[in-house]
Amino acid sequence: MEHKKTYYQRIIETPRGPLTIEGPVTADTLKKLKFHDGLVAFRIPEKQHKALIQISDLPEGRIIIAREEDTIVGYVTYLYPDPLERWSEGKMEDLIELGAIEVIREYRGASVGKNLLQVAMLDEFMENYIIITTEYYWHWDLKGSGLNVWEYRKMMERMMSAGGLEWYATDDPEICSHPANCLMARIGKNVSTESIQRFDQLRFMNRYMY
């Protein structure tokens with residue numbers, strides 16, 4: 001499968017001034033930009049910056065960023081699921097994962113996350129994918145946000161819906177380990193019936209155990 005990527009850009013106004021939302025960005029672009037030290041949700045900023053550069057070099061990898069001048073203050077990643085997760089077991093070329101989304105605290109509440117997702121979906125080629133995201137409450141910044149786990153879950157659902165993702169049922173043990181965890185997905189209009197059926201099989205791999 002040839003993964004075609006078309007660059008889009010959007011300028012949004014925030015209480016802190018204008019932000020550039022753009023992507024998919026290349027590894028060369030990411031190398032030239034600074035990475036805000038408040039982006040700490042997944043690993044230390046320096047390592048996460050390197051991870052984004054590596055993802056952008058993958059054939060299917062997409063990085064959309066929120067940029068304040070020459071500093072990255074938010075991002076969303078798209079790539080194939082981790083080989084250790086069930087979502088990779090179908091070996092589906094047209095299933096990619098929204099692996100991470102993060103915005104520094106200073107810009108939260110300014111619809112930056114929604115705009116990151118919307119800019120990602122401006123590319124018509126995204127209609128060729130099933131896009132999934134697995135939401136686990138232990139990745140959420142409950143302390144920093146002041147929200148409880150259910151309030152944060154509702155916030156994440158609203159944000160993901162801006163990118164067209166909806167809640168899907170699954171028997172995945174890790175997702176089922178806490179009721180706040182969830183699977184969300186967006187099935188592109190060009191995805192085949194066969195791929196949708198394979199995705200359904202991945203969602204319910206344990207159905208015959210009951």
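1. The largest pocket has 50 lining residues, and Ala41, Phe42, Ala100, Ile101 and Glu102 are the ones nearest its centre. A pocket here is an open set of points on a 1 Å grid over the protein atoms alone, where a 1.4 Å probe fits, with protein on both sides within 12 Å along at least five of seven lines; lining residues have an atom within 4 Å of a point. The space in the largest pocket is about 1,300 Å³, a volume being the space filled by probe spheres set on the points, which are joined across faces, edges and corners.

2. On the basis of the note: this is a predicted model, in which local features need pLDDT of at least 70 and side-chain atom pairs count only at pLDDT 80 or more, while totals for chains, interfaces and linings use all residues. Residues are numbered from 1 along each chain as its sequence is written, and side-chain values use heavy atoms, with hydrogens and water left out.

3. Helix H2 (45-56), S5, strand S6 (95-103), H3, strand S7 (130-135) and H5 each give two or more residues to the lining of the largest pocket. S6 supplies the largest share of that lining, seven residues. Helices (H or I, at least four residues) and strands (E, at least two) are DSSP runs, numbered from the N terminus. By class the lining holds 25 nonpolar, 13 polar and twelve charged residues; Ala, Val, Leu, Ile, Met, Phe, Trp, Tyr, Cys and Pro count as nonpolar, Asp, Glu, Lys and Arg as charged, and the others, Gly among them, as polar.

4. The largest nonpolar core has 50 residues, and Tyr78, Ile101, Val112, Leu116 and Met160 have the most contacts inside it. Strand S5 (residues 71-79) gives the most to this core, six residues. Such a core is a set of buried Ala, Val, Leu, Ile, Met, Phe, Trp, Tyr and Cys residues joined through side-chain atoms within 4.5 Å; buried means under 20% relative accessible area, exposed over 50%, and partly exposed in between (1.4 Å probe, protein chains only). A second, separate core of twelve residues includes Met92, Ile175, Ala185 and Leu202.

5. Leaving out residues up to four places away in sequence, Ile101 touches Phe42, Tyr75, Val76, Gly113, Leu116, Leu117, Met156, Met159 and Met160. Contact means heavy atoms within 4.5 Å.

6. The axes of helix H3 (residues 112-120) and helix H5 (residues 149-161) cross at roughly 35° and come within 8 Å. Axes are lines fitted to C-alpha atoms, for helices over the stretch in contact, and angles run from 0 to 180 degrees between N-to-C directions. From H3, Gly113, Lys114 and Leu117 meet Arg158, Met159 and Met160 of H5. The residues of this contact are three nonpolar, one polar and two charged.

7. The peptide bond from Gly23 to Pro24 is cis, with omega near 0°, and Pro24 sits in the loop between strand S2 (17-23) and helix H1 (27-32). Glu69, not a glycine, has a positive phi of about 55°; Glu69 is in the loop between strand S4 (62-68) and S5 and is exposed, at 68% relative accessible area. Lys91 has a positive phi near 50°, lies in the loop between S5 and S6, and is exposed at 70% relative accessibility.

8. Asp94 is also in the loop between S5 and S6, but counts as buried at 12% relative accessibility. Not counting residues up to four places away in sequence, Asp94 touches Met1, Asn128, Tyr129, Ile130, Val191 and Ser195.
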